[in-house]
Amino acid sequence: MYKEQLKGLVGITLVSAVAFTAAFGFKGMAKTEEVYHGIQLEGTVEDMGVDQTDMIQSVAKITDKSGDITGYVLTVKENGYGGEMSIDVALSKDATKVLGVHIGENQETEGIGSKITTKEFLDQFKGMETPVYMEGVESSISGDTKGDAIADRNLQDGTYLAKAKEADDNGFIEQVEMKVVNGKITSVIWDCIKEDGTTKRKLADEGHYVMTEEGLTWTEQADALAKTIIENQSMASLGMNEAGKTDAVAGVSIYIGGFSSLLEQCLEQADASNQVTLSDGEYLAKAAQADDNGFVEQVTMTVQNGKIIELNWDCIKEDGTKKSKLADEGHYVMTEDGLTWTEQAHALAKTVIKNQSIEAVEMNEAGKTDAVAGVSIYIGGFVNLVEDCLQQAGGEKAEQTPEVGTEIDAISGATISSKAVARAIDKAYAYVLQMN
């Protein structure tokens with residue numbers, strides 16, 4: 001009886017010991033995991049409290065049980081199709097590998113640009129070697145600094161315009177206009193314009209926006225920045241620091257982050273690698289069905305010497321009635337003092353021809369645009385049909401071969417949004433290299 005009790009006691013002790021070891025003894029061997037900004041990470045994440053820059057919103061370190069840093073998570077601000085996006089990028093300590101990507105607050109179009117938030121798109125980045133490469137997106141291939149945004153581009157001659165997505169607190173919309181001749185920037189004009197046409201330049205010339213008692217006015221500082229860009233043909237010559245200011249351009253004390261960002265957008269428009277190569281000919285694209293009024297939307301496009309020289313948008317009924325003709329006869333007057341439907345259609349076509357790009361009309365999520373003066377109509381159909389014509393014309397971007405990094409593809413129909421993610425990873429990569 002005693003032996004049986006002893007045997008039972010030993011058994012209970014052994015089971016308890018095994019249970020204790022399982023619960024506590026092996027706990028130290030288990031991996032610590034944490035979900036940070038939507039990314040599953042191994043280790044503990046702690047915010048580093050770095051100062052925000054124009055691009056990098058926050059930086060957190062990932063540490064193991066010993067307290068050693070194993071990686072970083074950076075929250076990057078980037079512009080997508082619908083506006084500003086918050087993108088979290090987790091990288092290994094040496095920035096050579098992506099640990100995860102998460103899309104935070106964004107305004108991308110539901111079912112189109114929002115595809116970048118899907119698990120299928122984001123999962124491809126986990127374990128990917130950096131830097132990443134996508135057509136039309138510069139890659140940080142150097143361990144020291146990024147290639148210069150101007151020097152590394154093959155600029156096409158033309159005039160390019162980039163505008164801020166929305167007005168500032170004073171009602172001004174920031175814009176930069178850049179002119180390229182013989183592959184070189186010959187003119188840069190930075191201004192801020194209100195809805196009523198009031199310009200910050202004019203106000204500054206009239207005595208407003210005197211930044212300091214003896215210093216340069218806002219216009220003079222804007223022109224000093226432009227002169228620096230033209231003389232050096234280099235973004236690096238601005239010497240913009242993390243606070244969006246510069247000590248490199250004499251007399252300039254104003255915030256230049258917006259100027260720099262809009263100038264880069266102009267450069268992207270002018271970059272030959274982002275231009276399509278079109279086959280000469282005439283192209284026609286039609287809507288699949290008539291609208292509620294019986295009109296079938298269509299766009300005709302003529303290409304000559306690889307350039308769009310003519311573009312027409314109209315809506316035609318089965319009996320041949322055209323919306324453009326009706327508008328010319330007094331119908332479809334959109335506002336009392338505004339442009340008719342036909343005039344707005346012509347303004348859109350002119351913008352595409354001038355810029356040789358449908359992206360120049362900058363359609364928002366509602367299918368409207370603020371980029372073309374006087375245009376208030378829905379332009380979703382126009383944009384889709386022009387894109388159809390461009391595809392018919394064989395619009396293929398110039399081939400690029402990445403020297404290093406991992407090549408990724410944009411989601412069909414969400415190219416701009418996809419590029420934003422690629423740029424965010426690229427900026428996080430460059431920041432960690434610089435930090436290390």
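## Helix H8 and its cover

The buried residues of helix H8 are covered by elements that include strand S13 (281-286), strand S14 (296-304), strand S15 (307-316) and helix H7 (341-355). The model described here is a predicted one, and in it the buried residues of H8 are Gly-380, Gly-381, Phe-382, Val-383, Leu-385, Val-386, Cys-389 and Leu-390. An α-helix has 3.6 residues a turn, so residues three or four places apart point the same way. In this helix, Phe-382, Leu-385, Val-386 and Cys-389 are among the buried residues.

Helix H8 takes in residues 380-392, which makes 13 residues, and its span from the first C-alpha to the last is 19 Å, close to the 18 Å expected at 1.5 Å a residue. Just after the end of H8, Gly-394 has a positive phi of about 75 degrees.

Strands S13, S14 and S15 form an open sheet of three strands in the order S13-S14-S15, and their pairing is antiparallel. S13 and S15 are the edge strands, and each has a single partner strand, so one side of each is left without a neighbour in the sheet. On average, and with direction ignored, neighbouring strands of this sheet are turned by 15 degrees against each other.

The antiparallel strands S13 and S14 are joined by six bridges, and Ala-285 has Val-299 in S14 as its bridge partner. Helix H8 packs on this sheet and touches S13, S14 and S15, with a direction that makes about 40 degrees with that of S14.

## The sheet of S9, S10 and S11

Another part of the chain holds an open sheet of three strands with the order S9-S10-S11, again paired in antiparallel fashion. Here strand S9 (158-163) and strand S11 (184-193) are at the edges with a single partner strand each, so one side of each is left without a neighbour in the sheet.

Strand S10, which covers residues 173-181, runs antiparallel to S11 and is joined to S11 by nine bridges, and Val-180 is found opposite Ile-185 in S11. Helix H5 (residues 257-270) packs on the sheet and is in touch with S9, S10 and S11, while its direction makes about 40 degrees with that of S10.

## Backbone exceptions

Most residues other than glycine have a negative phi, and most peptide bonds are trans. Asn-182 is not a glycine, yet its phi is positive at about 55 degrees. The residue sits in the loop between S10 and S11, where Asn-182 is exposed, with a relative accessible area of 69%.

His-37, also not a glycine, has a positive phi of about 50 degrees. Its place is the loop between strand S1 (33-36) and strand S2 (39-42), and with a relative accessible area of 34%, His-37 counts as partly exposed. A cis peptide bond, with omega near -5 degrees, leads from Thr-130 to Pro-131, and Pro-131 belongs to the loop between helix H2 (119-123) and strand S8 (132-133).

Between Leu-91 and Val-101, which are ten residues apart in sequence, the distance from C-alpha to C-alpha is 9.1 Å.

## The chain and the confidence of the model

The chain contains nine helices and 17 strands, and of its 436 residues 41% are buried. Among contacts between residues at least 6 apart in sequence, 52% join residues at least 24 apart. The accessible surface of the chain is about 23700 Å², and carbon and sulfur atoms account for 49% of that surface.

The mean pLDDT of the chain is 82, with 82% of the residues at 70 or more. Residues 140-147 have a pLDDT below 50, and this stretch has 14 contacts in the model beyond near neighbours in sequence. Residues 397-402 likewise stay under 50 in pLDDT, and for them the model has 15 contacts beyond four places in sequence.

Note on methods
Residues are numbered from 1 along each chain as its sequence is written. This is a predicted model: local features need pLDDT of at least 70, side-chain atom pairs count only at pLDDT 80 or more; totals for chains, interfaces and linings use all residues. Side-chain values use heavy atoms; hydrogens and water are left out. Two strands pair if DSSP finds at least two bridges between them. Helices (H or I, at least four residues) and strands (E, at least two) are DSSP runs, numbered from the N terminus. Contact means heavy atoms within 4.5 Å. Axes are lines fitted to C-alpha atoms, for helices over the stretch in contact, and angles run from 0 to 180 degrees between N-to-C directions. pLDDT is the predictor's confidence in each residue, from 0 to 100. The expected span of a helix is 1.5 Å times one less than its number of residues. Buried means under 20% relative accessible area, exposed over 50%, partly exposed in between (1.4 Å probe, protein chains only). Accessible areas come from the Shrake-Rupley method with a 1.4 Å probe; for residues, only the protein chains shown count as cover.
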